[in-house]
Amino acid sequence: MKTLYGPVPSRRLGLSLGIDPFERKTCTHNCIYCQLGYAPSVASDISIDGVSPETVEEELADFFNSGGKADYITFSGSGEPTLWKHIGRLCKFIKENFSHIKLAVITNGTTLWRDDVRSAIGIADVVVPTISAASEKIYKILHRPNKNATFEQYIQGILKFAQNYSGEIWAEVMLVDGVNDGDDNVLELSNLLKDMPIKYIDLNLPVRPPAEKWVHPPQKAKVESICKKFGKKCRIVGKFTSHSHYVANIVDLSENILKILSRRPETAEGLSAALGKSSEEIALSLNALVDKKIIIPLENGYFKIRNE
Ligand code: SF4
């Protein structure tokens with residue numbers, strides 16, 4: 001499979017079958033916490049061909065016709081999926097052919113000022129826009145957007161989308177220690193979000209190896225206190241790990257997993273037993289490696305190196 005990945009267990013989306021419409025990172029942002037690393041950004045007013053829509057449709061049909069199961073079909077992957085020229089066609093295809101499965105779009109929100117994008121993803125059940133900055137200054141530090149992007153255009157686009165969308169919006173706030181977890185940004189974000197028709201405010205943390213090594217999540221107590229300030233809609237969806245060792249541990253564990261998978265396919269349970277790590281730690285590393293398209297999950301529960 002080239003464009004589908006998973007299904008992977010997701011804290012919020014249950015069993016999530018991902019669609020990645022791009023071969024390589026294609027995004028309007030270059031977030032300091034991005035697990036895909038740095039790549040030249042693109043403007044938010046363009047649409048990109050990416051993979052052919054027929055390929056994705058065939059892969060989806062093959063997956064479900066051969067007994068595949070998922071709770072959600074999720075647009076995500078290597079960048080900003082709403083830049084994909086065919087996302088509207090695929091949203092319609094999914095709703096017409098797999099109406100029993102929910103459709104989610106994970107977006108950085110930068111294209112929502114566009115009529116065509118709002119209309120294309122308007123039939124999704126859930127849209128998860130990133131809303132982590134409440135000012136131009138923090139927006140630029142955190143997301144390092146394309147030079148044509150402005151905070152005003154980005155936030156107004158999200159507001160416009162929210163006004164007419166009938167599905168659920170789960171705002172994702174990615175918290176980075178010392179960057180956007182200060183009182184001013186939290187208060188301004190809280191004021192911004194409280195007037196929006198949002199179902200959840202999801203606090204996420206940069207637990208996977210980020211683009212910049214100096215990026216860390218805030219301490220647990222700080223995240224919990226921020227969640228209280230956001231009120232009842234707030235959920236902490238990021239995983240807490242040791243502040244100083246979390247990146248090194250994940251990198252080491254991923255390397256050890258790859259060493260085993262380079263010799264043979266293995267299950268999560270087998271990796272957990274072989275490496276003496278908890279199933280949660282193994283799942284975190286496996287998800288990161290699947291997201292990066294380094295490994296692929298097989299239908300029998302095994303994982304193998306991609307292109308092996
Ligand atoms: S984290 Fe997401 S929005 Fe940010 S640069 Fe990476 S792919 Fe783009």
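Predicted model: local features only at pLDDT ≥ 70, side-chain atom pairs only at ≥ 80, totals over all residues.

Tutor: The largest cavity holds about 30 Å³ of space, and the residues lining it are S44, T110, Y139, A149, T150, Q153 and Y154. By class, that lining consists of three nonpolar and four polar residues, with no charged residue.

The lining of the second largest pocket comprises 17 nonpolar, four polar and four charged residues. As for the elements that contribute, β1 (4–10), α9 (268–275), α10 (279–291) and β10 (295–297) each give at least two residues to the lining of this pocket, and β1 provides the largest share, with six residues.

The pocket can also be placed in relation to the domains. The chain is divided into domain 1, residues 4–240, and domain 2, residues 244–308, and each of these domains supplies at least three residues to the lining of the second largest pocket. The centres of domain 1 and domain 2, taken over C-alpha atoms, are separated by 24 Å, and the contact between the two domains takes 19 residues from domain 1 and 14 residues from domain 2.

For a view of packing to set beside these spaces, consider a pair of helices. Two packed helices are described by the angle between their axes and by the distance between those axes. Here the axes of helix α6 (residues 183–194) and helix α7 (residues 220–230) come within 10 Å and cross at roughly 35 degrees, and the crossing in which α6 passes α7 is right-handed. On the α6 side the contact is made by D183, V186, L189, S190 and L193, which meet I226, K229 and F230 on the α7 side. Sorted by class, this contact of α6 with α7 has five nonpolar residues, one polar residue and two charged residues.

Definitions and conventions:
Residues numbered from 1 in each chain as written. Heavy atoms only, no water. Axes fitted to C-alpha atoms, helices over the stretch in contact; angles between N-to-C directions. Helix = DSSP H or I, 4+ residues; strand = E, 2+ residues; numbered from the N terminus. Left-handed = near helix turned anticlockwise from the far one by under 90°. Contact = heavy atoms within 4.5 Å. Nonpolar A, V, L, I, M, F, W, Y, C, P; charged D, E, K, R; others polar. Domains from an automatic or database assignment. 1 Å grid on protein atoms, 1.4 Å probe; cavity = no way out; pocket = protein on both sides within 12 Å on 5 of 7 lines; lining within 4 Å. Points joined across faces, edges and corners; volume = space filled by probe spheres on them.
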